[in-house]
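Please look over the structure shown below before reading the notes that accompany it.

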Amino acid sequence: MGRWAYGLGGLFAWGLHFVGIYAFASLDAQTPADDRRLWQLAAVLLSLACAGACAGLAALALRRMKARREAAPALMDQFAALGAAAGLVGVAWQALAALIV
Amino acid sequence: MSSETGFDRRLYDRFPTRGARPPGELEALKEAWCAPRGWQWLTVINNNFVGVYYVGAAMLFFVLAGILALLMRTQLALPLNGFLPQETYNQLFTMHGTMMMFLFAVPAVEALGALLLPQMLGARDLPFPRLSAYAFWAYLIGGLAFFCSLFFGLAPNGGWFMYPPLTSTTWSPGINADFWLLGIGFIEISAIAGAVEIIVGVLRTRAPGMTLDKLPIFAWAMLIFAGMIIIAFPSVILATLLLELERAFGWPFFDSVKGGDPLLWQHLFWFFGHPEVYIIFLPAAGAMSTIIPAIARAPLVGYRLVVLAMLATGFISFGVWAHHMFTVGMPTMSVNVFSAASMAVSVPAGVQVFAWIATLAAGRMRFSAPGLFAVGGLVIFVMGGLTGVMVAMVPFDWQAHDTYFVVAHLHYVLIGGMVFPLFAAIYYWTPLISRRALSERLGRWVFWLMFAGMHLTFLPMHLTGLMGMPRRVYTYLPGRDWEATNLLSTAGAFLFAAAVLLWVIDMARNFRPFGAGNAGNVHDGPGLEWLPNDLYSVRSIPVVRSLYPLWDQPDLARDVEAGRYLLPNNPTGGRETLVTSVMNAEPQYLLRMPRPSPWHVWAAVFTAAFFLLLTVQAYAAAAVFALLAVWTILQWCWLLDRPMERPEVDIGAGIRVPSYASGVRSHGWWAMAITLIVGGMVALLAGFSYVFLWSSRPDLWGPPPKDSLLLILGLQAAAALLAAGGVKTLARGGARAPAAATLMLAAAALLVAAAWGLDLRGWAAGGLQPSQSPQGAAVAALLSWQGLFVLTAAFMGLYALLRLAWGYVRPGQPATFEVIGLFLAYAAGQGAFAAALPRLFPGA
């Protein structure tokens, strides 16, 4: 499971970010209207955390690929690097959507 | 690359072996995997047979649902047409959508997987062939019963999405809606059974050396597809269960008069419904990524990127469900996020499309029938994808919602993303299972008629929608400029039907399955499925050294056929396949596979009867058939986990592996773990429903009971510990271990039941009535789901006691008990969740 979690970590971060933003949006609708800024702040903090996780994972995967020095990088390293990069873009895209209200 | 299991990969260098194989081993293989005779055609379990049955049944439902579409198009050809009455039209569009989605699209790709995966992976069969066969029979019987409801005027009529309040008893008082709810619930069981089989099969029965980066792209697609089914389908199972409970007992989940919320249905339905589109698309995309390299004679460009794109599609598809609900008044922040995700999902789809185009450009394209269907599908899918991005934009969606524009969009996506690739797959892989390939000449005609018919039907529909024609209307007034486009659409539908008719003729003329031999590798495909094969799949299981083994290992076919690779015989005398490790496919143990028996067929018949009788509200008779179904399933399981005569066997070139495995290493444990994920998803979504209903009407929520939550949690924890202890006791061994382990498991089952009883009593004592408030209904739903697990735990406890009494519980044979222990531990955890959530949230 560890190898799968590593390889798909960026996509998991995207998923976590999505669930979090959806939860904040729902809570925003349940609570008084004047606390919207609070939920947007929560969305920003979550976005930064998820983006940080993606960036960290991408850096780790790139370092591992460099250390291996093999002609073809290991599949899970490559998935981790590319998935984290995609996750980073996805998190940023989603965060903007949550902030432009 | 380090070893995953401690297996020395230098042993692969012993293959291909030299010298002649001992006489008689091929005959023994043929004997073990012999063809059925007489009634055995019904009880057969080989993928070569069940897979063909399965694809055939899916295509039958495609044709039947297509005929319904023709009837609808005939009605809509002219304004104020009287060809169909309104009620019949409502039933037809509901049945057309439902059948295409539930009885054709998902089963067809699942069937393709069941048929092709064993050969593609170099396995003799998938690890649970009886489960596949059960899934097929359940699907066929359930599907036919569902379809026949049309002839009695009992077919559902609320649309394939069955939105309440239209489908509540107030507006749909007959049993038509119940047919949909129970029928679809039943058919989903079959889809989930197939998904379990595919996941375990792809991860655990690959040919040695087939590491994940050498896994055929179609197998990757099927793996992701099956994973998505496990996550998405519980949602529709829960939704149908809740609506049926509301209809049967008045529990208000969706009835806003009593505090329910119809939007909950939409959330649950589309959490399944939108991933469903990708569930259908991904295997078809996997087939495209297999067929295009073969017809272009070039490796797939960006194999790893394509795999990652499919994985990303799987993830993102779970974040787009609410784009079907842009017009219901969701919070703006939610709408924005779902809109963003809906646009983002087009990126991984685009990666795949560009990979296909690049592969075609890199190779030399052959415009054979499969090639035409693949390229045609690509064009249509791209057009559908572009309108998909349009409706992902909220302001546009507000305009196009519930118009024919959306009908056109979804048909472009589904026909381009699934139907054309499926026809490409049929024309490409038929030579593998038939003595004759399908006709190239007829195939080209089928393609061009279908391609033209498709565009003629659905391209004008965009305009019809933009001009304001709503979906699901049985007729329309003249003078709105909808006449010409509707007439064109009808003409196109008949052109499409002509193509399908021509394909049926081609199949009747040339498709000759189940016989000795096949037409061979006429498309020069590079995958293992094109190795010479028989009912036992390949003669010997090859060591895979490349993503395209038949292109890169020129002598492979000859050596495999000569028995120079692994498992060239059947060392235990029965049906077997090799189980390998998840990442690197290193040999782990020999899986002894079942021979055909009638139990799975009876189990499917009785399960179908149970659901059908529930539909007509014959509850006593339904209970009898439920018991019969349980009895047949117990009979089926009784034959599992048999004593083994030889603990280790030689699988070729002196490599020895065990013939028995238990725990995390075993395929049975994996199947149970995946099944429990389904249960967990239902519980999680029931928890979501509870919170959602509270958020809708918090004023209707009362305080939780004052009994001791800690006592319930303590009992569940003790049950989980006992279950784990029972498994460990049996594994440790000793003369008293079987009896002690059995008693511990039985005690664990009792504790799970006791905790559930306490939970139930607490709410009953507090006076909470399921039919009186959404809180009562939501709590009762959680408790009912847990009750199902308590009942199953009771059967498992009884089963364990029976095995002890028959002397089948042995220290060296803990696989069954490990599976039961896992189930009981999970049931305890789920019980704790069901007790804690309603007591702790939203608080007193």
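The model is predicted. Chain B meets chain A through 20 of its own residues, which are in contact with 26 residues of chain A.

**The side of chain B that touches chain A**

- Helices α9 (303–316) and α10 (332–344) of chain B each supply at least two residues of this side, and α10(B) gives the most to it, with 9 residues.
- By class, the residues on the side of chain B that touches chain A comprise 12 nonpolar, 6 polar and 2 charged.

**Helices α5 and α19 of chain B**

- The axes of α5 (residues 129–148) and α19 (residues 599–615) of chain B come within 8 Å and cross at roughly 35 degrees, and the crossing of α5(B) with α19(B) is right-handed.
- On the α5(B) side the meeting residues include B:Arg130, B:Tyr134, B:Trp137 and B:Ile141, while those of α19(B) include B:His600, B:Val605, B:Phe611 and B:Leu612.
- The contact of α5(B) with α19(B) has 13 nonpolar, 3 polar and 1 charged residues.

**Strands β3 and β4 of chain B**

- Strand β3 (residues 575–580) of chain B is mostly covered, with 6 of its 6 residues buried.
- β3(B) runs antiparallel to strand β4 (residues 587–593) of chain B and is joined to it by 6 bridges; B:Arg575 has B:Met593 in β4(B) as its bridge partner.
- The hairpin of β3(B) and β4(B) has 6 residues between the strands, and in this hairpin B:Ala585 takes a positive phi near 55 degrees.

Technical notes:
Residues are numbered from 1 along each chain as its sequence is written. Chains are lettered from A and ligands numbered from 1 in the order in which they are written. This is a predicted model: local features need pLDDT of at least 70, side-chain atom pairs count only at pLDDT 80 or more; totals for chains, interfaces and linings use all residues. Two residues are in contact if their C-beta atoms, placed from the backbone, lie within 7 Å. Helices (H or I, at least four residues) and strands (E, at least two) are DSSP runs, numbered from the N terminus. Ala, Val, Leu, Ile, Met, Phe, Trp, Tyr, Cys and Pro count as nonpolar, Asp, Glu, Lys and Arg as charged, and the others, Gly among them, as polar. Axes are lines fitted to C-alpha atoms, for helices over the stretch in contact, and angles run from 0 to 180 degrees between N-to-C directions. A crossing is left-handed if the near helix is turned anticlockwise from the far one by less than a right angle, and right-handed if clockwise. A residue is buried if 20 or more other C-beta atoms lie within 10 Å of its own, exposed if 12 or fewer, and partly exposed in between; C-beta atoms are placed from the backbone. Two strands pair if DSSP finds at least two bridges between them.
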